[in-house]
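Subject: Structure handover

Hello,

Here is the structure for your files. My notes on it follow below.

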Amino acid sequence: MVAWFTFAQIAIALAAGLLCLVLGIAGRKPGDLTMGAMALVFVLLVAQLVTAAIAPGVGNHPKGSLLEFWMYQVAVLVLPLLAMVWALIERGRWSVVVLGVAGLAVAIMLYRMWVIWTAA
Amino acid sequence: MSESKSVTARLSAAMPRLVGTGTLTVLVAVYLVLVMAAVGRSAFQIIDHFSKAPIAISISGVSAVVYLLATAALIIHKGAWYRVAWVTVSIEFAGVIVVGAITTFWPNALGPDSGNAFGDTATVWTVFGQGYWFVPLVLPLAGMLWLRKHPAGIRAKAAR
């Protein structure tokens, strides 16, 4: 994992999560703003997956368990997708809150992935 | 309104529609995150180092099954599943209280390092769910609250 990219991702996921949580509680239905924010989080996660796949090849080796890391990597990728599909099926305010929950979970999981990658 | 022309609206129009699940959506979403956490955590522990703390890791596996069942029961919440929801959510609450207390007051009772909520023998219930911002402690209460407020289930209401 690359430090600046990881922390930029965590910040964006946190911001997107909080935005969706606030807008959802305020009663907004899923729109391009909230869905776009989660789509951005997803696109960054795809980039993160590619990064993690090539990092060991260019001398950036994980210190923790590779198996545990990849379990997180796959799960974290699915999370925003599921939330977005759900928001398309049910276009209500609570779906926006779900997008927010997904964003916060992504941020926490990215941090855990960083800990696994860097700590022995 | 400009919202009717948004990308989200167009995509959504092509999808099946479900309305009125309300707060159950959020409850199930948080449950699904914990299902993922408990299943992922226990699967890794069992594959990677089961022998390090068989008791703690077995509890971790049991918690994964409980969350999975509770989530399924909450989604269906009809007929017998309504009762299954009550039973599994209650087991979940008992689990976080009992395992939480044991791991807090007797940190090594369930195996080495089992009192460390961030260690590799932790369960989602260790130290009352400390590793998950205590969400495991609050979630069963939220589940019970929802079940109490919807005795017949929302689908039964919609059918009338």
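Some conventions before the rest. This is a predicted model, in which local features need pLDDT of at least 70 and side-chain atom pairs count only at pLDDT 80 or more, while totals for chains, interfaces and linings use all residues. Residues are numbered from 1 along each chain as its sequence is written, and chains are lettered from A and ligands numbered from 1 in the order in which they are written.

Helix H5(B)

The buried residues of this helix are Pro136(B), Leu139(B), Pro140(B), Gly143(B), Trp146(B) and Leu147(B). Seen down the axis of H5(B), they fall within an arc of 125°, so they line one face of the helix; the arc is that of the directions from the helix axis to the C-beta atoms. An α-helix has 3.6 residues a turn, so residues three or four places apart point the same way. The buried residues of H5(B) pack against H2, H3 and H4 of chain B. H5(B) has 15 residues and reaches 21 Å from its first C-alpha to its last, close to the 21 Å expected at 1.5 Å a residue (the expected span is 1.5 Å times one less than the number of residues).

The two chains

Helices here are DSSP runs of H or I with at least four residues, strands are runs of E with at least two, and both are numbered from the N terminus. Chain A has 4 helices and 0 strands, in the pattern α-α-α-α along the sequence. Its radius of gyration is 15 Å, close to the 14 Å that the globule rule gives for 120 residues, so chain A is as compact as a globular protein of that length. That radius is taken over C-alpha atoms, and the rule is 2.2 Å times the number of residues to the power 0.38. The C-alpha trace of chain A spans about 45 × 20 × 20 Å along its principal axes, and 42% of its 120 residues count as buried.

Chain B has 6 helices and 0 strands. Its C-alpha trace spans about 60 × 35 × 25 Å along the principal axes, and 41% of its 160 residues count as buried.

Two residues are in contact if their C-beta atoms, placed from the backbone, lie within 7 Å. Of the contacts with a separation of 6 or more, residues 24 or more positions apart account for 83% in chain A and for 63% in chain B.

Interface

In the contact between the chains, 24 residues of chain B meet 20 residues of chain A. On the chain B side, helix H1 (7–13) and helix H2 (23–49) each supply at least two residues. H2(B) gives the most, with 11 residues. By class, this side of chain B has 13 nonpolar, 8 polar and 3 charged residues; Ala, Val, Leu, Ile, Met, Phe, Trp, Tyr, Cys and Pro count as nonpolar, Asp, Glu, Lys and Arg as charged, and the others, Gly among them, as polar.

Core

A nonpolar core is a set of buried Ala, Val, Leu, Ile, Met, Phe, Trp, Tyr and Cys residues joined through C-beta atoms within 7 Å. The largest one has 69 residues, of which Met38(A), Val98(A), Val106(A), Tyr31(B) and Leu34(B) touch the most other members. H4(A) gives the most to this core, with 15 residues. Leaving aside neighbours within four places in sequence, the contacts of Met38(A) include Ala16(A), Cys20(A), Pro80(A) and Leu99(A).

Val35(B) is found in helix H2 of chain B and is buried, with 22 other C-beta atoms within 10 Å. Beyond its neighbours within four places in sequence, Val35(B) is in contact with Tyr67(B), Leu68(B) and Thr71(B). Val35(B) and Tyr67(B) are 32 residues apart in sequence, with their C-alpha atoms 5.5 Å apart in space.

H3(B) has 23 residues and reaches 33 Å from its first C-alpha to its last, close to the 33 Å expected. Its buried residues, among them Tyr67(B) and Thr71(B), pack against H2, H4 and H5 of chain B. H3(B) is followed by His77(B), whose phi is positive, near 35°.

Regards

Terms used: Buried ≥ 20, exposed ≤ 12 C-beta atoms within 10 Å, placed from the backbone.
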